[in-house]
Amino acid sequence: MTYAVIGTGAIGGYYGSKLAHSGQEVHFLLHSDYDYVKANGLQVDSCDGSFHLPAVHAYQSTTDMPAADVVLVCLKSTRNHLLKQLLPPLLHEQTMVVLIQNGIGLEEDLSQWFPGIQLVAGLAFICSAKTEPGRVNHQCYGHINFGNYSCRNEQRFQQMVADFTEAGIKAGVVAYEEARWRKAVWNMPFNGMTVALNTQTNHLLQHPSTRALIREQMMEVIHTANALGIEAIDESFADEMILMTDEMTPYSPSMKLDFDFHRPMEIDYLYTRPIAVAHKAGLRMPKLEMLEAELRFIASQL
């Protein structure tokens, strides 16, 4: 299958490069480092083995790209309005669009713009950054779960999962709602708390007060997921996520990097939308609602 990557940053650059390195045909949409990548290729510095792609299918516009079997959308959700123009040139009748993004409600909104589009959620568990042109720094982890939202071609969906696996990426298949809420259990506490307290993940877990608060926030997400009928996420998952983060390299999540570089933060899909879903289900997330309010204030000062 042919792949297109929209958003060749820390996530798109890593997964797209891994697929290309394994022999898949991958076309990359680039912005600020297009000229550099066109001349020098892509470099992935990885804890699992570094590699270089000397020649890359690089583009500045999707109108110059061929239609793809799979489109990996790796933009920040604050830029999803651009998809109305970016996606159409890449689509054919059977194209599968994978949103490797954080948050709740992403597929629902995109399907309203493109009725009948075949969508998959991609939930990446990875510590990765792109801090200079054409170079991705993969620090740890890297597995990804896929949740089928509206893909009608099961064979094509399974082929994509197999392609990721053959590229050396641990890839799993999880029910769509479960996949989104599993990722929210980690995302909602750690993204916002690192911004609000201007710190990294390790410091939050080293202090007893913030470690306890992180777990309480995780349980708010888990209780909401359970109220929505997602029984596979329970209290033990919060403990699993905390232990996993204990073992991680000290890390600044994507929202913290956006804050540090004075970029818009993904508050809507990471906080506002799941909090609204909880309210609709008759639940409150009081600690996360307070965090959302703090983030709104911080964003207004940037």
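Predicted model: local features only at pLDDT ≥ 70, side-chain atom pairs only at ≥ 80, totals over all residues.
Let's start inside. The largest nonpolar core has 47 residues, and Trp 181, Met 218 and Tyr 271 touch the most other members. Several elements supply at least two residues each, including strand E8 (118-132), helix H6 (176-196) and helix H12 (286-301). H6 gives the largest share, 10 residues. Leaving out residues up to four places away in sequence, Tyr 271 touches Asn 187, Met 188 and Leu 288, among others. Apart from this core lies another one of 36 residues, with Tyr 14 and Phe 28 among them.

Now for the charges. The whole structure holds 18 salt bridges, and here are three of them:

| Pair | Closest N to O distance |
|---|---|
| Arg 135 and Glu 132 | 3.6 Å |
| Glu 235 and Arg 215 | 2.8 Å |

Elsewhere, shared partners join Asp 45, Glu 132 and Arg 135 into one salt-bridge network.

What about a charged residue without such a partner? Glu 220, in helix H8 (residues 208-227), is buried yet has no salt bridge. Its nearest side chain of opposite charge, Lys 287, is 4.5 Å away, and a salt bridge needs the nitrogen within 4 Å of the oxygen. A polar atom of the Glu 220 side chain does lie 3.1 Å from the backbone nitrogen of Leu 288.

Conventions
Residues numbered from 1 in each chain as written. Heavy atoms only, no water. Helix = DSSP H or I, 4+ residues; strand = E, 2+ residues; numbered from the N terminus. Buried < 20%, exposed > 50% of the residue type's maximum accessible area, 1.4 Å probe, protein only. Lys, Arg positive; Asp, Glu negative; His and termini not counted. Polar contact = N/O pair within 3.5 Å; in protein donor to acceptor, adjacent residues only side chain to side chain. Core = buried A, V, L, I, M, F, W, Y, C linked by side-chain atoms within 4.5 Å. Contact = heavy atoms within 4.5 Å.
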